Amino acid sequence: MSFVDVCLRGCAQVMFQNNPLCGAFFLLAIIWGAWAEGRPEVAVGAVLATVIATATGYVLHLDRTALRSGLCGYNGTLLGVALPTFLLSNAAMWVCLVLGAIVSTISMLTISRMLKTWKVAALTAPFVFTTWFFLLATYSFSRIHSAGLPEPAIPHQFSMTVTGELTLTGFGASTLNGIAQVFLLPSAISGVLILIGLFLSSRGAGAFALVGSLLSVAAADLLGAPDVEVHNGLFAFSGVLTAVALGDAFNRPSWRVLAYAVIGVLFTVVTQGALNTLLEPVGIPTLTMPFVLASWLFLVPNQELMPDYRR
Amino acid sequence: MSFVDVCLRGCAQVMFQNNPLCGAFFLLAIIWGAWAEGRPEVAVGAVLATVIATATGYVLHLDRTALRSGLCGYNGTLLGVALPTFLLSNAAMWVCLVLGAIVSTISMLTISRMLKTWKVAALTAPFVFTTWFFLLATYSFSRIHSAGLPEPAIPHQFSMTVTGELTLTGFGASTLNGIAQVFLLPSAISGVLILIGLFLSSRGAGAFALVGSLLSVAAADLLGAPDVEVHNGLFAFSGVLTAVALGDAFNRPSWRVLAYAVIGVLFTVVTQGALNTLLEPVGIPTLTMPFVLASWLFLVPNQELMPDYRR
Amino acid sequence: MSFVDVCLRGCAQVMFQNNPLCGAFFLLAIIWGAWAEGRPEVAVGAVLATVIATATGYVLHLDRTALRSGLCGYNGTLLGVALPTFLLSNAAMWVCLVLGAIVSTISMLTISRMLKTWKVAALTAPFVFTTWFFLLATYSFSRIHSAGLPEPAIPHQFSMTVTGELTLTGFGASTLNGIAQVFLLPSAISGVLILIGLFLSSRGAGAFALVGSLLSVAAADLLGAPDVEVHNGLFAFSGVLTAVALGDAFNRPSWRVLAYAVIGVLFTVVTQGALNTLLEPVGIPTLTMPFVLASWLFLVPNQELMPDYRR
């Protein structure tokens, strides 16, 4: 039972929560999203990789407190969703998933240790780097096949004639999709399940997730991002995580913190656009890197800037 | 008055000077360059972003000494020149400029804090990273339009039949353009104004800037860089900064320091060529990154190598 | 004589050995490989760059112990092989080689100093970064010509119809080529010479090199890497280095260490595929970066994970 508890906490840590019930809702969101898309392998991958990443932590005799709060699992969870989402689920993919889950825990150790120098957390960087390596390798190995990776291409300027007026309903759906896309799920219902899990664990986290998504959707729309991508939440998931990180996970809410988080979310949207361009020639998605970069940028000086609000 | 003084020192810090008069000459060079090109928005952007970046430092209650010496302003100054140079000046661009100026100060804090571990300065890295993000985002948002970004392309080998004999006049103009390009200005007169400002503040800095530009132009020409780019100073501006950094700003001049700075400048020219290639597929300019990389490389071991000459 | 000894130790340090005899065998392997390919400039470059890189260490008055164990030479050795391998050997190339050898020692100082924060070694990163800069610059300067760089291109998915059954002989040749490719040499005889040198210096190192190459060839073949590249050892050289680093150079062999090294080698193969893709648009080879990245990843937490086996 204790191992299940730790794995659920691992799911919850994707959004900085140390709460098994919250993790259960996140897992439910993944299962729903996978089922709705007709891709059960996504849910299987998430569970399997969470278990392996967590077990790796036990085998390596890691620090008990970190282990028990799920900090060895969340990168596995995300990798376990990402590989079956972007790759054909053949034998080679499952081998990569197992290897990737083990490596995600080692990456977690390495990145955490390096960032301890500046007292910031690894966030989801171990997931992003590990997954990127497998996705990039797709183009070098014939047994690993893309099943949804963006086609590599040279970026080009584009101009849209009309951005359809953003209706209130459309806005709501985009906001929920943005929250679901934290787990790479294109499903508003998954977004609702994630929100419930978050609110059960921390009202601040839930509120900041909602505000972060809303703000990101609005900003991306105003800057003229492609409508479909905005609607699918692809410009919002990083902002969701930045908002929760800056507003609730590492600071206690206050007006000063709110202002700082808002600027952080706006810059996250720009970073999302930037990384979309940067990765276009090599045909891989940004995953949550825009959140990671923007949040590191805003968290490193956080100690000095927010001494009174720091958690 | 004190705030104006701090903003002028911000301009001067682009070339490591803590001197408002020097900053005034730099600002004059920007205004002249903008006027000569018929793009007043470049000068307006520079002033606005310097003010906002500096004000952000005050709002965040930063260290007074750093603040007063202009260390919160110079990245804003450069970003304020760069965005209107490369982007169409519509509403979205000005919003980006304001957001970018705020973020440039936060980047400055983050990068400085990280680099303190190895006792090196942030140099212009906060400007480069922040600006790159906005320029890359151009290709993802339809309301941000390029107005001078290089077209994204796959690099290819090229061979030139003739490099016209480099005349003494051509050499002089290229050298002055190289100095002006530190502020992205393609104007020899701006180069002269910058040199006057530098010499007023520090004769060593002025001399090293001149030697750095001359040496870079010669090296780029000998390696066979495209004539037009050499003439416009595009292979020299980073060398100018490397020369001032290694020769005068962080060391006291000596023969040993001079030799070290010369090698640093030569490697900066190679780095300029390398980064031109690296960024070609994503269609953004190197900005002063070649200087930043080469100078970090030569400054990290500086303490041990130049104990007697270290400032 | 002492200087020759130090230079030979420099060659040996490419594979973490502090042993002049081992270095002599490595040098012999380079000479043989260069002669077999009809490119004597590769051997000349290796010797010249090792001498210059080592001499730079003396001129800079570096720490005697590090200097004498050859730690200033090995990045020069590799750069001295790489530049004549990938570039046309004209005057500009030799100037770059001399400058590059000097810079490789400065890079070594900088990267070592930065990584000391996390108690890991620079590995071959100084060689990789310095060489990459010169190779990238090829596309910007007409006097530096490619002679074997990969053509820049957009990556694409590929599928192979048949991987010919891997015969035992083919397997053996691939394994030896993998070892030779550590020095960029496509020659099984060079591989044998390197192995002899290694075994003379350390049986553990020799065994791990062999196992690392074998395992990498098998893994790359199973994942469906292109047959020719697998045969030429292009998916194995990084695994060779990872195996020696994790298994023998930084840990004392044990079952736990062996398991860790095996996972490290497998991830190195994935990293090799990933970096092949990542660098395709800019037309430069990965060099030993897959080894460097994978080994840093596995070495940073090594202290905590292998306290009993740590050298």
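Colleague: What kind of model is it, and how are things numbered?

Modeller: This is a predicted model, where local features need pLDDT of at least 70 and side-chain atom pairs count only at pLDDT 80 or more, while totals for chains, interfaces and linings use all residues. Residues are numbered from 1 along each chain as its sequence is written, and chains are lettered from A and ligands numbered from 1 in the order in which they are written.

Colleague: Symmetry, then. Which rotation superposes chain A on chain C?

Modeller: A rotation of 120°, with 0.0 Å of shift along its axis and an RMSD of 0.0 Å. That is how a three-fold axis relates copies. The superposition is by least squares on the C-alpha atoms of residues with pLDDT of at least 70 in both copies.

Colleague: Which C-alpha of chain A is nearest the axis?

Modeller: That of A:P281, at 4.0 Å from the axis.

Colleague: And which rotation takes chain C onto chain B?

Modeller: Again 120°, with 0.0 Å of shift along the axis and RMSD 0.0 Å. In chain C, the C-alpha nearest that axis belongs to C:P281, 4.0 Å away.

Colleague: How many residues of chain A are in contact with chain C?

Modeller: 30 residues of chain A, against 28 residues of chain C. Contact means that the C-beta atoms of two residues, placed from the backbone, lie within 7 Å.

Colleague: Which elements of chain A give two or more residues to that side?

Modeller: Helix 6 (91-115) and helix 7 (125-137) of chain A. Helices here are DSSP runs (H or I, at least four residues), numbered from the N terminus. Helix 6 of chain A provides the largest share, 10 residues.

Colleague: Why do the copies A and C meet through different surfaces?

Modeller: Because only 10% of the interface residues of chain A are also interface residues in chain C.

Colleague: How many residues of chain C are in contact with chain B?

Modeller: 30 residues of chain C touch 28 residues of chain B. Helix 6 (91-115) and helix 7 (125-137) of chain C each give two or more residues to that side. The largest share, 10 residues, is from helix 6 of chain C.

Colleague: Switching topic. What domains does chain A have?

Modeller: The assignment gives domain 1 (2-137) and domain 2 (168-305) of chain A. Such bounds come from an automatic or database domain assignment. The centres of the two domains, taken over C-alpha atoms, are 20 Å apart.

Colleague: How many residues are in contact between them?

Modeller: 30 residues of domain 1 of chain A meet 31 residues of domain 2 of chain A. On the domain 1 side, helix 2 (20-36), helix 5 (74-86) and helix 7 of chain A give two or more residues. By class, the domain 1 side has 23 nonpolar, 6 polar and 1 charged.

Colleague: Now chain C. At what angle do helix 2 and helix 9 pack?

Modeller: Helix 2 (residues 20-36) and helix 9 (residues 188-201) of chain C pack at about 180°, with axes 8 Å apart. That makes the two helices of chain C roughly antiparallel, a label for angles over 145 degrees. The axes are lines fitted to C-alpha atoms over the stretch in contact, and angles run from 0 to 180 degrees between N-to-C directions.

Colleague: Which residues make the contact?

Modeller: Among them are C:F25, C:F26 and C:W32 of helix 2 of chain C, and C:L193, C:I194 and C:L198 of helix 9 of chain C. The contact residues divide into 13 nonpolar, 4 polar and no charged.

Colleague: What about the phi of B:H61?

Modeller: Phi of B:H61 is near 55°, a positive value in a residue other than glycine. Most residues other than glycine have a negative phi. B:H61 lies in the loop between helix 3 (40-59) and helix 4 (64-68) of chain B.

Colleague: Is B:H61 buried or exposed?

Modeller: B:H61 counts as exposed, with 11 C-beta neighbours inside 10 Å. The cut-offs are 20 or more other C-beta atoms within 10 Å for buried, 12 or fewer for exposed, and partly exposed in between.

Conventions. Parallel < 35°, antiparallel > 145°, perpendicular 65-115°, else oblique. Nonpolar A, V, L, I, M, F, W, Y, C, P; charged D, E, K, R; others polar.
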